Amino acid sequence: MPGQRRVPGGTHNGLVILAAVRLVHPAPALAVTLLSGALGAILLAQAGQSPNERLWLTVLAVAGSQIFTGATNDLVDAGRDAVAGRREKPLPAGELTPNVALWIASAGLGLQLVASLWLGPLPLLLGLAAAFSAAAYNLALSRTPLSPIPYLVSFGILPLWIAAGVGVELERVLPAVPLAAAFAAAAHLANTLHDFEVDAATGSRSLAQVIGRRNTRWLAVGCAAAVGLGIGLALILGGRMGWASLALGASGLGAVAVGAPRERWLWYALLLAAVAWTAAWALSTG
């Protein structure tokens, strides 16, 4: 029709792909997947093994769970996001339909299941427990004071899932379980600061809304710093702390300190800290 803008087919397809990528929350999804792969590679190296097909299947399973989690989160929140005028989100903006988002979520869960079936029953069950905990957050708990609980559960399970996936003893990662859970809670609290006003306007009663913005920020910083100090103390008591590990550990704490007064960058500061502390642990434990 005259005056109507026509979008070439290739351009439209490209926009749909970009919208699909945004739907699954690419920054946290990629961070969790890459850190999971790094943990799996470290565990294999400590066992004297090279990266193998079990590692790649485990990474695929984790990636599938992240796609499922991100897509279902936006699906559940689509109505509230539309009311809040969040046009940066692909569903309220009309860039994707709910049916497409449901297919993307289903594809993510399918990828997780198919990859896990090749790994055996224990990785399958651990991965499903982590995914169902995330689904509980999306469907029911994200807007209640219990909002950190699924993060504690899912990320507490994650080291066990990775160990089972790559085929090493679960005892190797038991000390990492409380640290991963506490750090995930810190990252969750930091992430809620991005949407604090929107959540308040749409009636959310998440833990961040209950305790207030300033307390949320400092609780996130405190949890993250405690994790970093806990890792350092464990390495020192085990006689495994070298100069390189000490420098990495300190840089992680420095990232948290720099991000502490800057809400917009706190989540990314915690991500840098997670990378630094993972590297410090890898160097110290071989």
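Q: How many aromatic pairs does a search of the whole structure find?
A: The search of the whole structure finds 5 aromatic pairs. Rings of Phe, Tyr and Trp (its six-membered ring) pair if their centres lie within 6.5 Å; planes under 30 degrees apart are called stacked, over 60 edge-to-face, and the rest tilted. One of these pairs joins phenylalanine 183 and tryptophan 277, with 6.0 Å centre to centre and 80 degrees between the planes, an edge-to-face arrangement. Keep in mind that this is a predicted model: local features need pLDDT of at least 70, side-chain atom pairs count only at pLDDT 80 or more, and totals for chains, interfaces and linings use all residues. Residues are numbered from 1 along each chain as its sequence is written, and side-chain values use heavy atoms, leaving out hydrogens and water.

Q: Which parts of the chain does the pair of phenylalanine 183 and tryptophan 277 link?
A: Helices (H or I, at least four residues) are DSSP runs, numbered from the N terminus. Phenylalanine 183 sits in helix H7 (residues 176-192) and tryptophan 277 in helix H12 (residues 263-285), so the pair links distant parts of the chain, 94 residues apart.

Q: Are phenylalanine 183 and tryptophan 277 buried or exposed?
A: Buried means under 20% relative accessible area, exposed over 50%, and partly exposed in between (1.4 Å probe, protein chains only). Phenylalanine 183 is buried, and tryptophan 277 is too.

Q: Why is the pair of tryptophan 265 and tyrosine 268 called tilted?
A: Their ring centres are 6.0 Å apart and their planes lie at 55 degrees, so the pair counts as tilted. Tryptophan 265 and tyrosine 268 are 3 residues apart in helix H12, about one helical turn. Tryptophan 265 is partly exposed, with a relative accessible area of 48%, and tyrosine 268 is partly exposed at 41%.

Q: Where does serine 204 lie, and what does its side chain reach?
A: Serine 204 is in the loop between helix H8 (196-201) and helix H9 (207-211). With 5% relative accessibility, serine 204 is buried. Its side chain reaches the backbone nitrogen of serine 206 at 3.2 Å.

Q: How do helix H10 and H12 run relative to each other?
A: Axes are lines fitted to C-alpha atoms, for helices over the stretch in contact (heavy atoms within 4.5 Å), and angles run from 0 to 180 degrees between N-to-C directions. The axes of helix H10 (residues 213-237) and H12 come within 10 Å and cross at roughly 10 degrees. That makes H10 roughly parallel to H12, a term for angles under 35 degrees.

Definitions and conventions
Helix = DSSP H or I, 4+ residues; strand = E, 2+ residues; numbered from the N terminus. Polar contact = N/O pair within 3.5 Å; in protein donor to acceptor, adjacent residues only side chain to side chain. Parallel < 35°, antiparallel > 145°, perpendicular 65-115°, else oblique.
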